Amino acid sequence: MLTISQAVEKVVKVKPFVTEALCEGLINISSLSRQIHPMVEKLTGKEVKQGAIVMALNRLVPSLKGNGEMTYRNMITSLGDIIVRSDLTDYTFRNSPSILENHVKIMTKLIGRQDQFYTMVRGVFETTLVVGAEICPLVDEIFSREECSYRNSNLSAITLKLSTGNVHFVGFYYQILKFIAWEGINVKEVISTTNEFTIIVAEEDVDAAFAILKNLKQSGKVIE
């Protein structure tokens, strides 16, 4: 079984928004201790006094705050250029033996057309394509015999160029996405490579999402 301190930390860390608010002093610790009391007792396997939980929370906050500030600093200072592409369409197809063959056909057609937006993500059971409007007729033709389970147009992509060290920052993508979530912007898709991170949003949300990420990048200049 866990100690009281370990149990409190385990409960708090699975609630990222609570953790953020706790570090900012926006949560009443006594009220939070009452809320998590049953979970702490379950994890410790014994009766726990509320005062002990309050003490554990007070001891936990400085370490959470220190780790959070370091992660935030590392994330902000590593942000690179921001690139926006609009007029995109999102397709999702059921996986089939011919999916990869059709993907190769499209890639062959796009040789030399570096200006075109085309991404493919293959999952266990389905494959998603996000493409520019100019490529839609090509996708409709080549994938006409595939089972399309989802299609959504009027989308935009915002791509962040990242430093090579971003993979070592704990919670890196969370630190970016939390600001988008706080503003109530729905992220339709997330696409990433080692040094690029792309979010797909509705075109009506792209200006707000871009402004959030631009402000993040500008705040990094202050930190530096």
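Tutor: A polar contact is a pair of N or O atoms within 3.5 Å, where, within protein, one must be able to donate a hydrogen and the other to accept it. Please keep in mind throughout that this is a predicted model.

Student: With which side chain does the side chain of Thr89 make a polar contact?

Tutor: Thr89 is found in strand E1, and, leaving aside its neighbours within four places in sequence, Thr89 is in contact with several residues, among them Leu129, Cys136 and Ser153. The side chain of Thr89 makes a polar contact at 3.2 Å, and the partner is the side chain of Ser153.

Student: Is Thr89 buried or exposed?

Tutor: The term buried is used for a relative accessible area under 20%. The value for Thr89 is 5%, so Thr89 counts as buried.

Student: How many disulfides does a search of the whole structure find?

Tutor: A disulfide requires a pair of cysteine sulfur atoms within 2.5 Å. Cys136 is buried at 8% relative accessible area, whereas Cys148 is partly exposed at 38%. When the whole structure is searched for disulfides, the number found is zero.

Student: What is the volume of the second largest pocket?

Tutor: The elements that give two or more residues to the lining of this second largest pocket include strand E1, helix H5 and strand E2. The lining residues divide into eight nonpolar, nine polar and three charged. The volume of the second largest pocket is about 500 Å³.

Notes. Residues are numbered from 1 along each chain as its sequence is written. This is a predicted model: local features need pLDDT of at least 70, side-chain atom pairs count only at pLDDT 80 or more; totals for chains, interfaces and linings use all residues. Side-chain values use heavy atoms; hydrogens and water are left out. On a 1 Å grid over the protein atoms alone, a cavity is a set of points where a 1.4 Å probe fits but cannot get out, and a pocket is an open set with protein on both sides within 12 Å along at least five of seven lines; lining residues have an atom within 4 Å of a point. Grid points are joined across faces, edges and corners, and a volume is the space filled by probe spheres set on the points. Helices (H or I, at least four residues) and strands (E, at least two) are DSSP runs, numbered from the N terminus. Ala, Val, Leu, Ile, Met, Phe, Trp, Tyr, Cys and Pro count as nonpolar, Asp, Glu, Lys and Arg as charged, and the others, Gly among them, as polar. Buried means under 20% relative accessible area, exposed over 50%, partly exposed in between (1.4 Å probe, protein chains only). Contact means heavy atoms within 4.5 Å.
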